[in-house]
Amino acid sequence: MAVAETQLYAKVSNKRRSKSTSALLESLLTKGFPAHIAQKALAATGQKTIEDAAKWLHSHCNDPSLDDPIPQEYALYLCPTGRLLNHLQEFWKESKRQCGKNRAHEIFPHITLCDFFTCEDQKVELLYDTLKRVGDSFSQSFPPSISLSLHSSTSYLGFFIGDSHANILKDFALAFSSEASALADCHVKPCLKQLHLTLAHKFYPHHQKTLEQLAKCINPGETCQWVAALYSRDMRFVHYQTLRALFQYKPQNIDELMINTGDFVYVDPTQQSDVSEGWVIGTSHRTGCRGFLPENYTERANESDTWVKHRQVVVSWVEYVFVTASRLFTQTENEPNVKLNGEVHNPSMSRTVTNVLSLQNATLRRGVLVMGHGERVDQVFGKSWLQQCLTADGKYYRADLNFPSTLPKRKDSVKHFECDPPLSSCGIFQSKLIGEALLDQEVTVSYVYSSPALRCIQTAQHILQGLRLDQKVKIRVEPGLFEWTKWEASRVIPNFMTVTELAEASYKIDTSYRGNFPLSSLVPSESYEEYVSRSSAVIKQIVAACPSRGVILIVGHGSSLASFTRPLIGLPARDSSNFAQEVRKIPSLGMCFCEEITEENKWQMVNPPVKTLTHGANAAFNWRNGIMED
């Protein structure tokens, strides 16, 4: 243990030994747990039940930091409940769906009264006592209503608390911080600046108007019970990313991490550069153990998902009053005003999110679905895959069921498939499955564009089969959709099958289509700037050439998702230094979806119409080695 941690532990252990132990702590002590570890378990679980603490101790039996005297961090939040909370959560959901995730989505709706501070484990009960005592003393002081006014900027949207009501809440926070600091020997800093409830933060400026429209949908007449609650978090992982496990993973090696479905894992982004592709190294929130785990077994979680709620006090039963900021939203001549509790309101602002969405969806007729190709055969069998399935006289045979049953005929050498590989059998299945899912969601695909790479054309073909559109919609082969040519191992442009060859091989190709970028214009080992410029130009030309309603399906590569959607929605290209790292995280058939807002002449990124496809690996198996040998 480090010297500083030893000194901190001595300080923690020697203070307040005379304080009587709680019933929960006494129960853990009788089971034989050391006092400092029992207190740590109680603090980590919110001191709710002996069962929660015992379960935490059992899960952390192999936690290397179990003895470390590292306290939790605590914050005091004022949180809405009831129907107001439901409206706010609906806003959270819709703003994320329409505009993507922003910083506000990391935490639940709240007003910060005291920001995070540390408190030693054995003194947490003093915080509870303080909160109850201060809450009781202010019970008659809280106003019957809280005035909230909507404020907006290019990176912030939220409600500001009216000055008179904010002053009472600040006095409450100040009283708690003063008493808690004195009794629990910790530094608690109250929030004395403008109190606010954040709706969106650090979003893209072009999303501001959409977010404001959704904010209007919050019903101003709803009643709400506000509660002041203490929350805690593990101070060691404040600047880490939090991942949620989608599947169970059982370690295959000693340095790997055991995870169960739903587990949270803390990952330090600065420690991932030397980790093998497709893996991350992290610390389990449930067990405290650290190790490697497959990244595709996880998804990003919210920062507050691992926080623990401790005690709370009911502040008051208040009616939520929506005071509209006149500089943001103007009333039309035909919209009458009504009064609620003395405040002027506009009835049109009480529309539900559903009403606004139905109005918007009436104009959002065009969409662009950008998708990567399915599993390619060399992704499974390596670059020498072709050598594994050619006979001595050069004929193709299926050496494994995940090899395609046949290869399409081409006039030149079959060896050109090495640089232009087909889909694996699983890749074909994946593509059909996506097409069937799009059909189930009644997605209307009007146009299909594909990179000239065979794997992309096959993906598009099988998606159309799943959609039952393979006899109606033809594939437009667009050379400009090919990936960054710098990534080609051969340092030359692959010898793709011609449009005629593809049509003769029964692929539904639009032979009359002439690409925006001729194949001859692709430059080997192009610079990143050249690739970005090509991608931006081709997506804009495709959109301009497809005026009809419906979805434009673009089948490209992993790099296509960012390269084609970002210029469409008005974002700059990603930095070239981390572009490859981000692309490697994109799985087979990863997709992005953009919708057009015709009245504003712009595009926005929203959730794709279907879920992602996740599956595990299936290694080769030799029954002789696995069964017969001892």
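Biologist: What share of the contacts in the protein chain with a separation of 6 or more comes from residues 24 or more positions apart?
Modeller: They account for 77% of those contacts (heavy atoms within 4.5 Å). This is a predicted model, so local features need pLDDT of at least 70 and side-chain atom pairs pLDDT 80 or more, while totals for chains, interfaces and linings use all residues. Numbering runs from 1 along each chain as its sequence is written, and side-chain values use heavy atoms, without hydrogens or water.

Biologist: OK. How many helices and strands are in the protein chain?
Modeller: The protein chain has 18 helices and 20 strands. Both are DSSP runs, numbered from the N terminus: H or I for helices, at least four residues; E for strands, at least two.

Biologist: And what percentage of the residues is buried?
Modeller: Buried residues are 49% of the 630 in the protein chain (under 20% relative accessible area, 1.4 Å probe, protein chains only).

Biologist: Which residues touch the most other members in the largest nonpolar core?
Modeller: L76, L127, L157, F172, F176 and L199 do, out of 52 residues in that core. A core joins buried Ala, Val, Leu, Ile, Met, Phe, Trp, Tyr and Cys through side-chain atoms within 4.5 Å.

Biologist: Which helix gives the most to this core?
Modeller: Helix α7, residues 163–184, with seven residues.

Biologist: Back to L76. What does L76 touch?
Modeller: Leave out residues up to four places away in sequence. Then L76 touches I111, T112, L113, C114, L131, F172, F176, A228, A229 and L230.

Biologist: Which residues are in the second core?
Modeller: That separate core has 43 residues, including F381, L464, L589 and V610.

How values were computed
Buried means under 20% relative accessible area, exposed over 50%, partly exposed in between (1.4 Å probe, protein chains only).
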